[in-house]
Amino acid sequence: MAKQIDVSDLNIYYGSFLAVEDVNMMIEPRSVTALIGPSGCGKSTFLRSLNRMHEVVPGGRVTGKVAMDGQDLYGDGVDPVNVRRHVGMVFQRPNPFPTMSIYDNVAAGVKLNSGRMRKADLDELVEKTLRGANLWEEVKDRLNRPGSSLSGGQQQRLCIARAIAVKPAVLLMDEPCSALDPISTVAIEDLMYELKKEFTIVIVTHNMQQAARVSDRTGFFNIAGTGKPGKLIEMDRTQRIFSNPQVKATEDYITGRFG
Ligand SMILES: Nc1ncnc2c1ncn2[C@@H]1O[C@H](COP(=O)(O)OP(=O)(O)OP(=O)(O)O)[C@@H](O)[C@H]1O
Ligand SMILES: [Mg+2]
């Protein structure tokens, strides 16, 4: 289920503006990869290129290749909607469907994908997914309340449940904890540790401790100046990036000397 991602010679544009230049990256299945770097260096842009969300922006386009288990996501005849079904995404601000119930937030994508399902099967899937997102105990008695009735941290776990309910191969998370308190953050980090047994996870974070805690590998992106493209400067095992980076700019960033 979890897939390997191979990015080669990837350039990402907004119209004529080259936002991210020449990324080559391999991401192993069943791992957490953290992407770090200063604001504006293209982390979110790169992340959205992994599920073809980038091209939703007018003028958004890429050159190069993103392969999942060998299949090029940008190949001829590939349906971007289908790609997004297999590569889920969680955003910075929890965005549950506000008026939809907690239950339906989890079930919505599944209903859309698999058409009619027996109520008992759907109930079972919703429970299993909410358990998988470490949220079941907190919501099992109020599944019919709206998604917006939950706390911020609970809403973010609901969004993760919604994303994993359709069993994606890859889960992308763009600063998923930046709007959360420390306790909710720990809950999400614990969850990532569990989820990587089944999914390939890529997370953007500004929190160095978080990158060090949750990820197996870390990629450092940087930008030479305003208007210049972001680049992947260095990628390695997380422990190595934080203890013995090979590039001075990486060391300066992780030790807080800039960024
Ligand atoms: N919709 C857009 N249209 C045009 N340019 C954009 C758009 N979104 C982002 N950019 C530009 O692309 C570059 C990379 O932006 P991006 O949001 O990917 O950076 P980031 O590393 O995620 O930053 P942050 O850490 O602040 O979230 C920036 O120069 C930004 O201004
Ligand atoms: Mg961003």
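The chain contains 10 helices and 10 strands, where helices (H or I, at least four residues) and strands (E, at least two) are DSSP runs numbered from the N terminus. Its radius of gyration is 18 Å, close to the 18 Å that the globule rule gives for 259 residues, so the chain is as compact as a globular protein of that length; the radius is taken over C-alpha atoms, and the rule is 2.2 Å times the number of residues to the power 0.38. The C-alpha trace spans about 55 × 45 × 30 Å along its principal axes.

This is a predicted model, in which local features need pLDDT of at least 70 and side-chain atom pairs count only at pLDDT 80 or more, while totals for chains, interfaces and linings use all residues. Residues are numbered from 1 along each chain as its sequence is written, and chains are lettered from A and ligands numbered from 1 in the order in which they are written.

Axes are lines fitted to C-alpha atoms, for helices over the stretch in contact, and angles run from 0 to 180 degrees between N-to-C directions.

| Pair | Angle | Axis distance |
|---|---|---|
| H3 (residues 102-114) and H4 (residues 119-132) | about 110° | 10 Å |
| H4 and H6 (residues 152-165) | about 125° | 9 Å |
| H6 and H7 (residues 182-195) | roughly 20° | within 9 Å |

Angles under 35 degrees count as roughly parallel, over 145 as roughly antiparallel, 65 to 115 as roughly perpendicular and the rest as oblique. H3 and H4 are therefore roughly perpendicular to each other, and their crossing is right-handed; a crossing is right-handed if the near helix is turned clockwise from the far one by less than a right angle, and left-handed if anticlockwise. On the H3 side the contact uses Tyr 103, Val 106, Ala 107 and Val 110, which meet Leu 122, Leu 125, Val 126, Thr 129 and Leu 130 of H4. Contact requires C-beta atoms, placed from the backbone, to lie within 7 Å. This contact of H3 with H4 has 8 nonpolar, 1 polar and no charged residues. Ala, Val, Leu, Ile, Met, Phe, Trp, Tyr, Cys and Pro count as nonpolar, Asp, Glu, Lys and Arg as charged, and the others, Gly among them, as polar.

H4 and H6 also have a right-handed crossing. Leu 125, Thr 129, Leu 130 and Gly 132 of H4 make this contact with Ala 161, Ile 164 and Ala 165 of H6, giving 5 nonpolar, 2 polar and no charged residues.

The crossing of H6 and H7 is right-handed. Gly 152, Gly 153, Gln 156, Arg 157, Ile 160 and Ile 164 in H6 meet Ser 184, Ala 187, Ile 188, Leu 191 and Leu 195 in H7; the classes are 6 nonpolar, 4 polar and 1 charged.

Residues surrounding ligand 1 include Tyr 14, Gly 37, Lys 43, Val 57 and Gly 230, each with its C-beta atom, placed from the backbone, within 6 Å of the ligand. Helix H1 (residues 43-49) gives the most to this shell, with 3 residues. The shell comprises 4 nonpolar, 7 polar and 1 charged residues.

Technical notes
Contact = placed C-beta atoms within 7 Å.
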